[in-house]
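Hello,

Here is the structure I promised to pass on. Please open it first, then read my notes below.

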Amino acid sequence: MSDIINLLPDSVANQIAAGEVIQRPASVVKELMENSIDAGAKFIQVVIKDGGTTLIQVIDDGVGMSETDARMCFERHATSKIKNPEDLFMLQTKGFRGEALPSVASVAQVELRTRKADDSLGTFIEVAGSRVFKQERQQISQGTNIQVKNLFFNVPARRRFLKAASTEMSHIRNEFLRIVLVHPAIRFALYDGDIELFNLPETSLKGRVDHVFGATSSRLKMDQQLLPIDINTDIVKISGFVGRPEFARKRANQYFFVNNRYMRHPYFHKAVMLAYERMLKQEEYPNYFIYLEVDTNEIDVNVHPSKTEIKFENEQVIFSILQAAVKETLGKFQVMPAIDFDTEGAPDIPHISSKQIVMPPEVSFNADYNPFKSTSSASSVAPKPKQSDYNWEKLYQNFSSHSTEKNQIEAMRDESKEETKTLAFDEESVVLFQVKNRYIISETERGLMFIDQYRAHFRILFDRYMIVIQNQQGVSQKVLFPETLNLNEMEDAIFEEILPELRWAGFDIEKTDRNNYIINGVPTDLSPSMGLVVLRELIDEMDNEVLRVKVLLQEKIAIVIARKFAIQRGKRLTNEEMSSLYRDLFACENHQHSPDGKRIIYQLSNEELGQRFD
Ligand code: ADP
Ligand code: MG
């Protein structure tokens with residue numbers, strides 16, 4: 001029998017690699033910008049046409065390439081950045097696999113113009129689908145100018161897969177921002193056709209954040225919205241900015257970077273959100289731009305170039321340090337007016353010697369701080385930040401065996417169990433009152449218990465919907481008059497991503513044509529007229545972070561449905577309704593807090609009650 005194994009031709013291998021490296025125009029933009037940065041450019045211009053589907057052009061003033069290099073750079077595994085295996089561990093550059101340009105050239109028409117400072121003539125090369133069509137010496141300004149035209153021209157299936165130009169442009173914009181936010185010393189410009197979207201001068205990090213977001217988003221200067229964060233431990237150095245809680249919005253700018261690279265990190269995101277606990281209004285999120293620096297041994301460097309997930313060695317420790325750092329910043333600045341944080345001192349954190357084992361940094365903040373709590377300010381003067389009253393011992397216990405987060409959740413559960421014990425009631429005999437059509441009151445062994453009816457029901461429904469969605473067993477009720485949902489391109493892209501989860505929740509949705517959907521059924525117990533409202537709300541509130549993390553997405557859907565369907569305040573409840581609410585609430589694992597972290601139950605102890613009469 002003859003042998004059947006062949007080596008793939010390079011052009012095929014490149015196309016396969018392209019499938020991984022080049023997902024959409026934004027991936028090309030990222031690779032080209034990173035090459036320009038690696039080439040030491042001081043000014044990088046990015047020109048996009050039609051969402052990058054017809055043209056992506058990146059012009060830099062970096063070192064440029066020799067004639068041989070210009071030809072070589074389209075070869076697979078051709079890189080100037082590593083020569084031997086040890087180099088892999090010392091990498092300072094963005095790329096190193098020599099995969100990007102050959103991949104791009106295998107699925108697009110590429111024109112490269114490049115010249116090194118010392119050469120009198122530069123090189124022009126035209127490549128398409130991995131074949132070189134032209135190569136000549138030309139007058140070219142120093143640096144590299146690369147044009148990528150008609151991406152996926154030879155892979156129709158992938159070209160069809162591209163979204164509307166506006167959607168691709170917004171991906172490009174995101175990618176562009178992730179890069180410019182770590183290179184404030186480089187000047188960048190981004191053009192959408194003839195329109196200049198960004199022209200960012202060389203500046204400091206703070207200046208860059210300010211230029212990027214101050215210009216586009218806010219009524220106020222970023223200065224007044226952001227607080228500096230700065231902590232230096234042996235394991236991690238954390239710097240950057242976090243938003244004041246009062247500037248939290250439905251759509252926030254949230255960025256993590258590690259060693260000058262953008263990363264997504266849902267776990268660290270949680271650490272930040274925990275630091276804001278109870279400072280935010282419902283469904284509002286703070287801005288943050290957080291830069292981590294860790295030893296390169298501490299993270300997995302061998303990650304895929306297009307991936308933004310990063311594995312950390314000391315994830316749990318960093319989680320706690322990050323949470324504390326953010327908390328400290330929020331506590332420290334809470335009573336101060338907006339200041340220019342260039343001049344204000346950084347938090348007072350002692351340097352930890354490398355000999356010592358990791359000890360929690362000293363922090364000062366008021367753990368009880370809650371800007372939305374009006375009761376405390378009425379009776380006392382403005383709260384002063386307390387010194388180091390955070391229970392670090394508890395936080396750092398059992399580091400090796402448990403995650404901190406898990407400990408916290410367990411602690412919360414224990415707390416709940418404890419409460420349940422003391423709240424144990426005889427279902428038959430419990431007497432419930434409703435006051436102000438808003439609270440349910442009952443007597444317990446310990447005293448009086450007030451339950452917020454809306455939050456209680458919100459919790460019950462949320463838990464229920466989470467189970468339904470996760471088990472994909474939502475039951476749908478047909479609506480009599482199906483409604484249509486018309487979406488724009490941007491919304492359509494979002495909607496398509498959440499469609500499976502919506503179906504799991506019990507929505508019966510049919511796509512009729514481009515951007516149009518018919519809602520034939522809604523989850524049982526949601527009123528048919530609410531279906532459209534809930535879907536609209538979901539689309540409006542979906543942000544990138546949520547879309548990428550399945551659990552967050554499911555939570556979000558459950559939250560929106562539960563919130564809409566929950567008994568509102570002001571509704572008179574029958575005795576039966578009260579009892580079933582009461583019973584269902586205590587069947588919830590976390591019956592103390594609503595899904596958005598608000599208190600559901602308030603207890604007035606017998607002692608307190610007694611004191612009132614003294
Ligand atoms: P990698 O960045 O992983 O080395 P690429 O395919 O992105 O692989 O680039 C291949 C090589 O081409 C780089 O190593 C570099 O030497 C050269 N190169 C690419 N872009 C530029 C540029 N803008 N300026 C100078 N050299 C470049
Ligand atoms: Mg590269």
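Start at ligand 1: one of its nitrogen atoms is 2.9 Å from an N or O atom in the side chain of Asp60. Bear in mind that this is a predicted model. A nitrogen atom of ligand 1 is also 3.2 Å from an N or O atom in the Thr144 side chain. An oxygen atom of the ligand is 3.3 Å from a polar backbone atom of Ala100. The protein covers 91% of the 530 Å² of accessible area that ligand 1 has on its own.

Now the shell around it. There are 20 residues around ligand 1, and Asn35, Thr79, Ser80, Lys81 and Gly98 come nearest. By class, the shell has 8 nonpolar, 8 polar and 4 charged residues. Helix H2 (25–38) and helix H4 (100–106) each give two or more residues. H4 gives the largest share, 3 residues.

Next, the rings. The whole structure holds 16 aromatic pairs. Tyr255 and Phe289 are stacked, 5.7 Å centre to centre with 10° between the planes. Tyr255 is in strand E11 and Phe289 in strand E13, 34 residues apart. Both are buried.

One aromatic cluster takes in Phe256, Tyr267, Phe268, Tyr288, Phe312 and Phe319.

Arg187 lies over the face of Phe43, 3.8 Å from the ring centre. The charged end of Lys163 sits over the ring of Phe161, 5.8 Å from its centre.

Best wishes

Definitions and conventions: Residues are numbered from 1 along each chain as its sequence is written. Chains are lettered from A and ligands numbered from 1 in the order in which they are written. This is a predicted model: local features need pLDDT of at least 70, side-chain atom pairs count only at pLDDT 80 or more; totals for chains, interfaces and linings use all residues. Side-chain values use heavy atoms; hydrogens and water are left out. A residue is near a molecule or strand if one of its heavy atoms lies within 4 Å of it. A polar contact is a pair of N or O atoms within 3.5 Å; within protein, one must be able to donate a hydrogen and the other to accept it, and residues adjacent in sequence count only if both atoms are side-chain atoms. Accessible areas come from the Shrake-Rupley method with a 1.4 Å probe; for residues, only the protein chains shown count as cover. Helices (H or I, at least four residues) and strands (E, at least two) are DSSP runs, numbered from the N terminus. Ala, Val, Leu, Ile, Met, Phe, Trp, Tyr, Cys and Pro count as nonpolar, Asp, Glu, Lys and Arg as charged, and the others, Gly among them, as polar. Rings of Phe, Tyr and Trp (its six-membered ring) pair if their centres lie within 6.5 Å; planes under 30 degrees apart count as stacked, over 60 as edge-to-face and the rest as tilted. Buried means under 20% relative accessible area, exposed over 50%, partly exposed in between (1.4 Å probe, protein chains only). A charge sits over a ring if NZ of Lys or CZ of Arg is within 6 Å of the ring centre and within 35 degrees of the ring normal.
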